[in-house]
Structures are given as structure tokens and as C-alpha cells.
Amino acid sequence: MKQSVGAATAWPTAEVARMSGVTARTLRHYDEIGLLPPAWIGTNGHRYYEERHLLRLQQVLVLRELGLGLPEIGRILAAQVDELEALRGHHRRLLAERDRLDALAGTVSRTITELEQSRKDGTDMISISRPENLFEGIGPARCMKVLSDFPELVGAAERRTSALSKAEIEADERERTAQMIRLAELLATGRPAGADEVQAEIDTQYRTLARIRAATAEEYCAIGRTCVENEHWRAAYESIAPGLAAYQRAAIEAYAATRLR
């Protein structure tokens, strides 16, 4: 139940949790790290939040949805001077994210259409008129964000991507698509992930990555995991062949174990 102290209205943790969908435990954590202290703590030990705190919580949740970590969110909120201007900035980022997701949805939709047509035609693999279409909405720098434990690799990827022209980005996307299709063809023949032909393909992929930075075994295995764990990469792989994401991960792990350790 909300309470009023003077002119201010405040809500207890349970009510804020109900309104926002954030658990009481998370709200306590935000308080402990200084991200969202309550307006006050009652004699019963309950935390109370005023409207300004709800607005701050909204910003925290928006930035989380945009993929930012709590330390970075804390720095952004600490640096902002004008709350309204900050919200406008968040709004612009959300619109950009919406456009990116629309592009990704269109990418998957086109691939589904091509797969359905290929099956009607009785062919095993899809013929892609523009292979880079598989990767629209899936920027490599964005995908690298899931590799937060390897900041040097992430930084190298972001620097290279920012330096590329549109034509160079499309060429990279065509090359990555071709690599995925070749791997899917090996999967279709039933070759195990550690087979020589598969490992030769993974070696080609590793050499492509080495243009950015020669990854360690741990980094390369982490990249392999993202093929399954990151929804954008997984969707791209699975749009070509069911099970391809897990096959890629297993092949990378075999390569790292034999070539990089």
C-alpha cells in the first residue's frame, strides 16, 4: 500500500515489484550497489520508493533491455544531467532497436520462405540470391557483446567493424553465410564434428576471425557457445539447417582442443 509523507507519495518494495515486474530481491540488490536506493526505510525495515525512484527504475530497465550491464547503467545515470533529455536518448535507442529487430524478423521470414520453396522443389539446400540477407539485423559487434568475459576480443571486433565500409560489411556477411552453408552440407552427410573435413572448415573460419584477432582456445570456445546461446546467431544457423548451431559449437570445441591448446 502506498504511503504519503508530506507532499510525496511512496510505494513499498512489494508494490514496486508488482508494478514493474522486478523482484524484491533485485530491488534490494539495486539498493546494495547504489543503483536505486529507496526514498527511505521504515521502522519495520520496509523500503519505500517515490515517483522519482520509479522513473529511475524505468531507465534502469530500459537500459537493461538494450543490453547494458549494471556498471555501465550506473555510469550513465550518474552522468546524466537532464532527466527528460536522457529519456529522449533512451527513446531514440529503443526505436533503433525496434528497427533492428524488424530487420531481423524480415531476415528470418525470407529464409523460411526460401526453405519452404526448396523443400517443395525437392532440393536439400537453399539457394540464396543474396547470402548477406541471412545476417541483416545481426551485427557482429552486437553479437560480441555476449562475450563480456573477453573484453580484448570484443574491443578488437568493434574496432574492425566500425572501420569497415558498407561494401566490406556485405562481403564479410557473404563469406560467413558461405562458411555456414558449407558446414551445413557436412552436417547433412553425417560427418562428426571432429572429422577432418569439418575441422578444415573450422580452420578456415578461425583464420577469418584471426583477421580481427587470433582468439585463444577459451575465447574460441566462448564464440562456439554463442552459436547456441545467442538467439540471433542461433536463428541464423537454424534457418539454414536444424542442428547446425550445436554442430558448429561442437566443431569449434574440437578444434580448440586439438589446435589451440
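Which residues form one aromatic cluster? Select Tyr206, Tyr220 and Tyr255: together they make up that cluster.

Before going on, note that this is a predicted model, where local features need pLDDT of at least 70, side-chain atom pairs count only at pLDDT 80 or more, and totals for chains, interfaces and linings use all residues. Residues are numbered from 1 along each chain as its sequence is written, and side-chain values use heavy atoms, with hydrogens and water left out.

**Stop 1: aromatic pairs**

The whole structure holds four aromatic pairs. Rings of Phe, Tyr and Trp (its six-membered ring) pair if their centres lie within 6.5 Å; planes under 30 degrees apart are stacked, over 60 edge-to-face, the rest tilted. Select Trp40 and Tyr48. Their ring centres are 5.4 Å apart and their planes sit at 20°, so this pair is stacked. Trp40 is partly exposed, at 22% relative accessible area. Tyr48 is buried, at 6%. (Buried is under 20% relative accessible area, exposed over 50%, partly exposed in between, with a 1.4 Å probe and protein chains only.)

Now select Tyr206 and Tyr255. This pair is tilted, with 5.6 Å centre to centre and 40° between the planes. The pair links distant parts of the chain: Tyr206 lies in helix H9 (residues 196-210) and Tyr255 in helix H12 (residues 244-260), 49 residues apart. Helices (H or I, at least four residues) and strands (E, at least two) are DSSP runs, numbered from the N terminus. Tyr206 is buried at 11%, and Tyr255 is buried at 3%.

**Stop 2: helix H2**

Go to Asp31, in helix H2 (residues 24-32). Asp31 is buried, at 18% relative accessibility. Its side chain makes a polar contact of 2.8 Å with the side chain of Arg47. (A polar contact is a pair of N or O atoms within 3.5 Å; within protein, one must be able to donate a hydrogen and the other to accept it, and residues adjacent in sequence count only if both atoms are side-chain atoms.)

Which residues of H2 are buried? Leu27, Tyr30 and Asp31 are. They cover an arc of only 100° around the axis, so they lie on the same side of H2. That arc is taken from the directions from the helix axis to the C-beta atoms. Arg25 and Glu32 are exposed on the other side. Show strand E4 (47-50) and helix H3 (51-65), which are among the elements covering the buried residues of H2. After H2, click Gly34: its phi is positive, near 80°.

Conventions: Contact = heavy atoms within 4.5 Å.
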